[in-house]
Amino acid sequence: MVLSRGWSLFLLTVGVWTWVIWPRFAVAIWNDPRSWSAGTVGAGGATSFLWVHALLIAASLAIGTAVGVLGIRGWLAARRRPSA
């Protein structure tokens with residue numbers, strides 16, 4: 001499969017966007033009292049609210065990384081391709 005430079009740039013942008021947004025969301029979830037059984041940040045055990053969101057964040061970062069890597073590979077391949 002051959003990606004155009006435009007699509008490669010789009011995929012790379014999605015990968016970067018993922019790494020900008022999801023870590024900020026992780027901090028918000030960590031600081032949410034619903035994440036902790038005692039209702040205070042860091043106090044008590046982690047609740048299922050925290051675990052479900054942690055899994056969502058990890059999966060999104062993994063997918064975003066894969067998409068970004070595909071974008072980089074597509075961009076580099078497009079540079080090496082002779083223009084017609």
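Arg5 lies in helix H1, which spans residues 5-30; helices here are DSSP runs of H or I with at least four residues, numbered from the N terminus. The model is predicted, so local features need pLDDT of at least 70 and side-chain atom pairs count only at pLDDT 80 or more, while totals for chains, interfaces and linings use all residues. Residues are numbered from 1 along each chain as its sequence is written, and side-chain values use heavy atoms, with hydrogens and water left out.

Arg5 has a relative accessibility of 37% and therefore counts as partly exposed; buried means under 20% relative accessible area, exposed over 50%, and partly exposed in between, with a 1.4 Å probe and protein chains only. On the surface, Arg5 gathers with Arg73, Arg79, Arg80 and Arg81 in a patch of positive charge. Such patches are made of residues with over 30% relative accessible area and no salt bridge, like charges being joined within 9 Å and nonpolar side chains (Val, Leu, Ile, Met, Phe, Trp, Tyr) within 5 Å. Lys and Arg count as positive, and the charge of Arg is placed at CZ. Helix H2 (residues 48-80) gives the largest share of the positive patch, three residues.

Helix H1 also holds Val14, which is part of a nonpolar surface patch of about 320 Å² together with Trp7 and Phe10. Areas of this kind come from the Shrake-Rupley method with a 1.4 Å probe, and for residues only the protein chains shown count as cover. Val14 is partly exposed, at 30% relative accessible area.

Three aromatic pairs are found in the whole structure; rings of Phe, Tyr and Trp (its six-membered ring) pair if their centres lie within 6.5 Å, and planes under 30 degrees apart count as stacked, over 60 as edge-to-face and the rest as tilted. One of them joins Trp22 and Phe25 edge-to-face, at 5.4 Å centre to centre and 85 degrees between the planes. Both residues lie in helix H1, three residues apart, about one turn of the helix. Trp30 and Trp36 form another edge-to-face pair, with 4.7 Å between centres and 80 degrees between the planes. Trp30 is partly exposed at 44%, whereas Trp36 is buried at 9% relative accessibility.

Side chains of opposite charge can pair when their charged atoms come close. The whole structure contains one salt bridge, defined as a side-chain nitrogen of Lys or Arg within 4 Å of a carboxyl oxygen of Asp or Glu. Asp32 and Arg34 form this contact, 2.7 Å from N to O. Asp32 is buried at 14% relative accessible area, and Arg34 is exposed at 55%.

Notes
Helix = DSSP H or I, 4+ residues; strand = E, 2+ residues; numbered from the N terminus.
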